[in-house]
Amino acid sequence: MATPTVSSILDSLILRPIVVAINTFALASLFSYMIAERLDWRPITIWVTCDIIAIIIDHLMDQESAVAACGADVVKRFTPLINLGRAFLALNTALLVIALSQCPPETTMITAVFAAPAFLWATPIKSQRIGAVIKNFMGAKHDKEGESSPPKSSGSLVIKRIPGMKAVFNGVIRGCGVFFVVNSALQVSRELDQISAAPPWIIMEAIIWSTTNRICHAVMTDVRDFDDDYKVGVPTIPVLLGSPLKTRVILTVIQAVAMMAFRHNPYILGSSYFAIALVWLLGKDSRKVYFLLSVHSQSMFIFMYAVEKMVLSR
């Protein structure tokens, strides 16, 4: 693990979560505008804070381990920065609670369904704990039956280590999840095909596009980390395919299919063209900062749409 520095800790706990969350802000704003023709602060705040919280939780554990491994002097030096990260985490948690308190109860439930895997992304989940939770819902009668046969498994589940599913979970959480939270907060009861989004946007197309875009970006970061993941046996999609080249070809095909399916939407076309270019330009030797372009292969075109709407409305 790399030696921690002031800049690396600030980047990991403050700057990078904000930069990544900008894409979620853009997508949540787009869905809010498509559904209600207005920007509702509640669902936008919910997803921006959820994104930041999930990233900080993941990075905070890594940074604390890295600092602790360097000795007492380093721990003393970097403790204020770690505490700053914790304070930023607490701030976003408070904002999340405030936003949820202003939404219908089902919004909290939907947020929990999509955000919980992100919050527990790298946390080992013990099978015994899962069994205990299930038993709490089963009542005394079932408890007595279960006492004679306690769970024997001592294994644990790490969500991001489920073979081939890391990128898929990422896409579903950041793609589908954003829409369903926004839709529930705005209390729209119509079917998807009955929601009249502003042209050239169609709700279902935007959901599919956002989900596939996030999946493809997650796979791109796995291409970057292919050598390290292959050595330690992390079952990412590139590792399972055994080749970054095969992965790039598949990502190109996925984006090409999206372009053909949604060719009437110039913003999706532009996003897909840009994403395909990044698939072949970025690799294991590219600096991590360049992969932020992949993060925003979606948001930059949403912002272009927003600018166009503001210009035409004058």
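A salt bridge is taken here as a side-chain nitrogen of Lys or Arg within 4 Å of a carboxyl oxygen of Asp or Glu. The structure is a predicted model, in which local features need pLDDT of at least 70 and side-chain atom pairs count only at pLDDT 80 or more, whereas totals for chains, interfaces and linings use all residues. Residues are numbered from 1 along each chain as its sequence is written, and side-chain values use heavy atoms, with hydrogens and water left out.

Across the whole structure, the search finds 7 salt bridges. Side chains of opposite charge can pair when their charged atoms come close. Among these pairs, arginine 38 forms a salt bridge with aspartate 40, with 3.0 Å between the closest N and O atoms, and aspartate 40 in turn forms one with arginine 42, where the closest N and O atoms are 2.9 Å apart. In terms of relative accessible area (buried, under 20%; exposed, over 50%; partly exposed, in between; 1.4 Å probe, protein chains only), arginine 38 is partly exposed at 42%, while aspartate 40 is buried at 5% and arginine 42 is buried at 15%.

A further salt bridge is formed by lysine 284 and aspartate 227, for which the closest N and O atoms are 3.3 Å apart. Because lysine 284 lies in the loop between helix H12 (266-281) and helix H13 (292-295), and aspartate 227 in helix H9 (residues 226-232), this pair ties together parts that are 57 residues apart in sequence. Helices are DSSP runs (H or I, at least four residues), numbered from the N terminus. Lysine 284 is exposed, with a relative accessible area of 53%, whereas aspartate 227 is partly exposed at 33%.

Glutamate 37 lies in the loop between helix H1 (6-36) and H2, and its phi is near 55 degrees, a positive value in a residue other than glycine. Most residues other than glycine have a negative phi. Glutamate 37 is also exposed, at 57% relative accessible area.

Within helix H2 (residues 41-68) lies aspartate 51, which is buried at 4% relative accessibility. Its side chain makes a polar contact with the side chain of threonine 24 at 2.3 Å, a polar contact being a pair of N or O atoms within 3.5 Å; within protein, one must be able to donate a hydrogen and the other to accept it, and residues adjacent in sequence count only if both atoms are side-chain atoms. When neighbours within four places in sequence are left aside, aspartate 51 is in contact (heavy atoms within 4.5 Å) with Val20, Ala21, Thr24 and Arg174.

Methods. Helices (H or I, at least four residues) and strands (E, at least two) are DSSP runs, numbered from the N terminus.
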